[in-house]
Amino acid sequence: MANGIKDKVAILGMGCSRFGERWDVGQEELMAEAYLEALGHAGIAPDQIGAAWYSSHYDDIGAGKAGTPMAQALRLPNIGVTRVENFCAGGTEAFRGAVYAVASGAVDIALAVGVEKLKDTGFAGLPPASRGTFAPMYLPTHTNPGNFAQLARAYGTRHNISAGDLKRAMGHTSMKSHANAVKNKNAHLRKAITVEQAVNAPLVADPLGLFDCCPVSDGAACAIVTTPEIARSLGKTPVLVKAIQLVASNGWEVQSSSWNGSYVHTARIAARRAYAEAGIADPRTQLSFTELHDCFSITELVTLEDIGLADEGTAWKRMLDGAFDADGAMPSQVDGGLKCFGHPVGASGLRMLYECWLQLTGQAGERQLANPSLALTHNLGGAPAQNVCSITIVGAA
Amino acid sequence: MTGITALAIHLPRLRLQRAAMAAAMGWLCPRGETRGARTLADWDEDPITMAVAAARACLAQAERNGVPEARTAVRALTFATTTPVFAEPQQAALVHAALRLPEATRTQDVGGTMRCGLLALHAALESSEPALLTAADMPLNTPGGTAEMRYADGGVSALVGCGPDLLTYRGGASLSAPFIERYRAPDRPLATDWEERWVREEGFLDLVPRAIAEALGKAQLSAADVDHFVLPCVIPGAAKAVAQAAGLSRAKLAQPLDLECGDTGAAHALVMLARAMEDMRPGERVLVAQFGQGATALVLEATDAISAFPAAASAVLADGIAEANYLKLPIFRGLMPWERGLRGRFPVNEALTTAYRNAEALLGFVGSRSPETGQVQFPPSRLAVAETGLFAETQQPWPLADLGGTVATATADRLAFSRSPPNCYGLVDIPGGARLMMDFTDPDAERLSPGDAVRFVFRIKDLDERTGFRRYFWKAVAAPAPSAAA
């Protein structure tokens with residue numbers, strides 16, 4: 001009988017490149033930047049790594065398919081490298097692969113790297129993703145602002161929130177992340193904004209305006225994982241993996257009229273399973289902070305409810321009350337989140353874990369929270385109606 | 001004697017104001033008539049989609065008039081246009097698939113002259129085979145010219161020999177003549193028109209009266225027996241002069257609809273007929289003629305059923321949205337380059353194997369229904385959609401096109417590439433528990449909100465200027481709209 005991943009694997013070291021419009025470097029250099037930092041923290045040599053997982057979404061504008069781009073960029077010692085791709089949740093998927101490899105006992109130390117080089121397209125926002133041959137024949141040409149704008153409208157309708165109130169709550173969500181990112185030297189956007197600026201910004205997809213949307217960034221993040229025993233033998237205070245859950249939509253939301261569009265079905269399932277795996281009975285008191293997939297301000301609000309940190313229909317009010325600010329009851333996006341740290345698609349899940357690892361090991365500098373013990377990351381790939389949603393919980397030993 | 005069982009038109013909702021056309025181009029090419037408007041097909045409409053829309057309205061009309069089996073009775077389908085979308089493949093095959101007509105249908109495309117629609121009707125009326133005729137046109141003319149103002153976009157569909165007729169065929173004639181007043185090479189988008197006084201004197205006034213005389217002879221009627229006369233002609237006054245020359249002294253001249261929609265080319269004789277039929281009484285006779293490398297004249301007689309003929313054409317004519325931006329015409333028709341951004345440069349992968357494998361779903365909008373749960377879904381799949389559980393019994397085909405739906409979520413996306421921004425789309429719930437993310441189209445697309453009723457229309461899904469390829473799928477528009485009630 002499976003008993004889950006709790007406490008079987010430890011994070012030995014992590015790294016993260018500076019995110020942003022990195023006109024100066026390509027995908028290979030971004031990976032190296034994150035990898036060298038992680039290697040330094042872990043205090044190991046490359047030939048101690050037994051297997052590697054590599055997450056990158058856009059093979060056409062990035063380094064290409066398969067494991068070789070990473071094996072070559074990092075000059076890995078001829079180990080197995082598995083490329084994974086799960087929309088924006090690819091970073092967590094790579095981490096899951098590495099963690100499961102260690103937990104299985106097949107390897108002692110495993111590597112997970114996520115990277116995306118998005119600023120080689122010539123335009124802002126994510127490029128249209130390949131969807132095979134059949135789907136483009138009937139699905140609209142949609143973008144993620146359009147997909148999440150539908151979530152915002154449905155959430156507002158479902159809970160009778162006025163358009164003005166919802167815009168202000170979404171504005172506060174972004175304002176808070178901008179304030180947090182000012183303290184993060186690796187962040188893409190490091191400029192404070194006001195709620196008014198956010199509310200009055202040009203519309204991208206009604207009701208989402210410019211400041212409701214995260215930027216797309218170049219960047220890479222990296223984790224090196226091992227067993228708790230090896231971590232301790234190397235003199236590290238390990239951060240332990242408490243839960244990893246990944247849930248893929250099976251078409252129920254997008255192909256049947258049962259789902260009301262105001263929440264993310266997979267997030268609720270993933271959260272429930274993750275809390276069970278980690279043995280968390282009351283996330284509101286047991287979790288110290290969260291790193292959520294705030295691709296859009298509305299996503300963060302809805303997710304806070306989906307993972308049980310706010311009652312249904314109330315996250316917008318609690319956001320306005322400051323509950324999720326850095327000094328609030330449950331800080332969210334202490335590092336700036338996707339909104340301001342940036343969103344290099346394949347790297348974002350690992351970037352969230354990087355912040356958790358920094359905070360839990362007391363290395364977060366001027367944005368360090370007081371005595372955090374348990375952190376949650378939520379990494380969503382796809383659209384509200386059809387997605388891959390992953391939740392990871394990590395904690396101090 | 002066979003006859004016309006149902007007749008319905010479809011016009012694009014955009015009505016390009018002639019005053020706006022003159023304001024944009026009058027400095028360069030002084031215009032004549034600047035009253036009224038001409039229809040303008042949206043970027044996602046073309047002769048195929050207009051033919052499908054008209055045919056759906058036509059079949060629905062037949063169904064309401066007590067011919068429920070019309071769709072399955074059809075044995076021949078003709079698609080008539082002077083502005084074909086493809087030189088290959090056959091376009092009637094796409095119209096046929098969108099209408100889900102029987103596989104054993106003789107399909108054909110006809111074109112070459114604006115008279116092709118009436119020629120096809122003549123052939124159908126001379127045959128004993130139940131036939132569906134579709135004619136749709138989008139004549140393109142040089143920017144700034146008079147023809148650009150006079151011609152317009154539209155479609156029509158007639159069901160022939162399928163049951164109780166609205167009009168009984170009494171006789172007809174088609175004459176052929178190498179009279180070339182307008183020409184266009186296959187690789188050229190724009191037609192060239194010759195001097196109109198010559199067209200009127202040597203063309204219309206010579207050929208049409210002779211065709212009329214011959215048709216009346218076949219019908220064993222005299223000119224004085226004709227109550228209504230339909231003749232599309234963009235030259236002012238020419239139709240009246242032809243009526244006089246042909247001795248149609250008693251006949252009421254059908255409205256040319258020039259102010260409401262303009263001349264819709266291959267469709268226009270029947271578009272005018274549909275409007276004229278609203279004013280006809282049982283026993284009245286109508287002579288329908290059209291000119292082009294000869295002339296065709298058909299004599300039809302109204303049956304008692306004409307009293308119940310709906311004023312649907314008038315409703316479609318009235319359902320326009322005034323468009324004052326002339327540039328939409330050259331841009332929608334690909335006559336001038338425009339800045340689409342790098343996001344809009346991605347090629348269309350035609351994947352013809354995938355398209356054929358899924359043709360029933362894509363062209364006919366056929367989903368599936370699980371025999372185990374009753375759940376309807378799109379696209380069809382081997383295993384039924386469900387929140388949990390495995391439902392593996394083979395699903396049944398489930399047509400969705402006529403069901404309509406309700407908007408569940410909606411957005412107006414300003415980031416996505418669109419040929420008419422913003423790109424509007426959302427989840428649509430369809431009876432039976434189905435849901436699909438669909439494009440919203442029509443000038444009012446941005447207004448659609450959760451809870452709104454929609455109906456489905458067959459439109460261009462993607463087109464690729466580099467290859468000339470285009471493909472089709474179904475989109476949602478606000479319901480009800482007049483052409484649905486045709």
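The chat below goes through domains, chain contact, core, helix packing and backbone details of a predicted model.

User: How is chain A divided into domains?

Analyst: This is a predicted model, and the domain assignment for chain A gives domain 1 as 10-120 + 218-237 and domain 2 as 144-212 + 241-396. Taken over C-alpha atoms, the centres of domain 1 of chain A and domain 2 of chain A are separated by 24 Å, and the contact takes 33 residues from domain 1 of chain A and 32 residues from domain 2 of chain A.

User: Which elements supply the domain 1 side of that contact in chain A?

Analyst: Strand S1 (10-16), helix H3 (90-104), strand S4 (109-116) and strand S7 (219-226) of chain A each supply at least two residues of the side of domain 1 that touches domain 2. H3(A) gives the most to that side, with 8 residues, and by class the side has 17 nonpolar, 11 polar and 5 charged residues.

User: H3(A) again, then. What angle does H3(A) make with H14(A)?

Analyst: H3(A) and helix H14 (residues 348-360) of chain A pack at about 70 degrees with their axes 5 Å apart, which makes H3(A) roughly perpendicular to H14(A). On the H3(A) side the contact is made by A:Gly90, A:Gly91, A:Thr92, A:Ala94 and A:Phe95, and on the H14(A) side by A:Ser348, A:Gly349, A:Leu350, A:Arg351 and A:Leu353. Sorted by class, the contact of H3(A) with H14(A) has 4 nonpolar, 5 polar and 1 charged residues.

User: And how do H5(A) and H11(A) pack?

Analyst: Helix H5 (residues 163-181) and helix H11 (residues 297-306) of chain A pack at an angle of about 100 degrees, with their axes 8 Å apart, and they are therefore roughly perpendicular to each other. A:Ala169, A:Met170, A:Thr173 and A:Ser174 of H5(A) make the contact with A:Ser297, A:Ile298, A:Glu300 and A:Leu301 of H11(A).

User: Switching to the other chain, where are the domains of chain B?

Analyst: Chain B is divided into domain 1 (3-332) and domain 2 (361-485), and the C-alpha centres of domain 1 of chain B and domain 2 of chain B lie 31 Å apart. In the contact, 23 residues of domain 1 of chain B meet 18 residues of domain 2 of chain B. On the domain 1 side, H2, helix H4 (92-99) and helix H10 (312-318) of chain B each supply at least two residues, with the largest share, 5 residues, coming from H2(B).

User: How many residues of each chain are in the contact between A and B?

Analyst: The contact takes 34 residues from chain A and 41 residues from chain B. Helix H4 (144-158), strand S5 (203-205) and helix H8 (252-255) of chain A each supply at least two residues of the side of chain A that touches chain B, and the largest share, 7 residues, comes from H4(A). By class, this side of chain A has 16 nonpolar, 16 polar and 2 charged residues.

User: Which residues touch the most other members of the largest nonpolar core?

Analyst: Of the 288 residues in the largest nonpolar core, these are A:Ala98, A:Ala110, A:Val113, A:Ala223 and B:Leu287. Helix H2 (residues 47-64) of chain B gives the most to this core, with 12 residues. Beyond its neighbours within four places in sequence, A:Ala110 is in contact with residues including A:Ile49, A:Ala98, A:Val102 and A:Val225.

User: Is B:Val288 buried or exposed?

Analyst: B:Val288 counts as buried because it has 27 C-beta neighbours inside 10 Å, and B:Val288 lies in strand S13 (residues 285-291) of chain B. Its C-alpha atom is separated by 6.2 Å from that of B:Leu231, 57 residues apart along the chain.

User: What about phi at A:Phe87?

Analyst: A:Phe87 has a positive phi of about 50 degrees although it is not a glycine. A:Phe87 is found in the loop between strand S3 (80-84) and H3 of chain A, and it is buried, with 21 other C-beta atoms within 10 Å.

Conventions:
Residues numbered from 1 in each chain as written. Chains lettered and ligands numbered in written order. Predicted model: local features only at pLDDT ≥ 70, side-chain atom pairs only at ≥ 80, totals over all residues. Core = buried A, V, L, I, M, F, W, Y, C linked by C-beta atoms within 7 Å. Buried ≥ 20, exposed ≤ 12 C-beta atoms within 10 Å, placed from the backbone. Helix = DSSP H or I, 4+ residues; strand = E, 2+ residues; numbered from the N terminus. Contact = placed C-beta atoms within 7 Å. Domains from an automatic or database assignment. Nonpolar A, V, L, I, M, F, W, Y, C, P; charged D, E, K, R; others polar. Axes fitted to C-alpha atoms, helices over the stretch in contact; angles between N-to-C directions. Parallel < 35°, antiparallel > 145°, perpendicular 65-115°, else oblique.
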